[in-house]
Amino acid sequence: MFHYESDFYDKSAFAKAKNSLNQYEQQALGDVAGKRLLHLQCHFGQDSLSWAHKGAIVTGVDISDTAIKLAGKLSGELNIPATFVCCNVLDTSKYVTDKFDIVFTSYGTIGWLPDLQPWAQMIASKLNPGGIFYMVEFHPIAWMYDYTVEPPVMKYHYAQKEAIHEQYSGSYAAPDASIISNEYGWNHSLSDVVQSLINAGLKIDKLAEHDASPYDIFPGMIKKDDMYVLKDQLYPTIFEVQASL
Ligand SMILES: C[S@@+](CC[C@H](N)C(=O)[O-])C[C@H]1O[C@@H](n2cnc3c(N)ncnc32)[C@H](O)[C@@H]1O
């Protein structure tokens with residue numbers, strides 16, 4: 001998997017710092033020592049292992065067999081224990097029987113899911129009473145634009161029901177990789193996200209929107225205080241939701 005070797009995920013910096021987390025999620029979840037944390041769509045586990053290094057007891061799930069194998073390898077190499085499970089996030093309960101104090105997901109996850117209702121039900125079913133769900137994601141407004149043209153044009157609905165198909169060379173983490181990314185995704189509005197969690201029985205404790213992104217993933221972003229903002233800063237690029245059972 002070329003993401004594993006990419007500058008974006010900077011494996012050697014991670015091996016030193018043992019922390020790939022950004023300010024939003026670290027501030028939101030604070031001290032996780034001793035807490036059981038379920039990481040949804042954990043990719044190859046850098047963030048999962050970061051939480052584990054801070055003392056959480058972590059289980060990560062992802063649909064990619066390759067990513068899960070790499071996560072296990074990284075866990076062994078860095079001697080940071082965590083459990084990694086390969087499954088569709090919607091089927092988590094079939095493969096993970098434990099309940100958790102924290103369910104966490106971040107940056108580039110819900111866009112892979114066509115319907116958030118079963119996702120939210122699964123989250124509620126995996127939380128201990130009083131448990132916290134926290135997510136930080138790219139903002140649906142930011143996904144409304146076609147960035148292949150300059151200036152970007154508004155092209156997709158804020159809550160696109162049909163899949164958005166994007167084909168481009170490289171990938172978000174390795175723009176120069178000699179592959180064609182052929183992606184189908186869904187843009188979920190903030191009300192879709194929040195209402196799916198409410199319908200699943202969760203109480204929303206926080207909804208926040210931010211201009212500054214820890215990742216330089218939209219074309220033409222400008223670095224500002226170690227974060228990235230759009231040139232005109234007319235819309236937010238990140239949102240956070242925190243909810244509890
Ligand atoms: C953009 S990555 C997440 C990035 C993560 N924030 C990180 O930095 O490592 C999205 C992940 O979602 C996973 N994924 C996509 N659809 C999924 C599904 N239905 N169930 C579980 N994992 C899924 C992909 O395999 C990928 O590892």
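1. In this predicted model, the side chains of Lys 155 and Asp 146 come together in a salt bridge, with a nitrogen-to-oxygen distance of 3.6 Å. Because the cut-off for such a pair is 4 Å, the contact between Lys 155 and Asp 146 at 3.6 Å qualifies.

2. As for exposure, Lys 203 counts as exposed at 52% relative accessibility, whereas Asp 205, at 38%, counts as partly exposed. The two labels follow because exposed requires a value over 50%.

3. Within helix H4, which spans residues 65-78, Lys 69 and Asp 65 are four residues apart, or about one turn of the helix. Their side chains meet in a salt bridge at 2.9 Å, taken from N to O. Lys 69 is exposed, its relative accessible area being 56%, while Asp 65 is partly exposed at 39% relative accessibility.

4. How many salt bridges does the count come to by this rule? The total is ten, and the pairs discussed above, including Lys 69 with Asp 65, should be read against that number.

Key:
Residues are numbered from 1 along each chain as its sequence is written. This is a predicted model: local features need pLDDT of at least 70, side-chain atom pairs count only at pLDDT 80 or more; totals for chains, interfaces and linings use all residues. Side-chain values use heavy atoms; hydrogens and water are left out. Helices (H or I, at least four residues) and strands (E, at least two) are DSSP runs, numbered from the N terminus. Buried means under 20% relative accessible area, exposed over 50%, partly exposed in between (1.4 Å probe, protein chains only).
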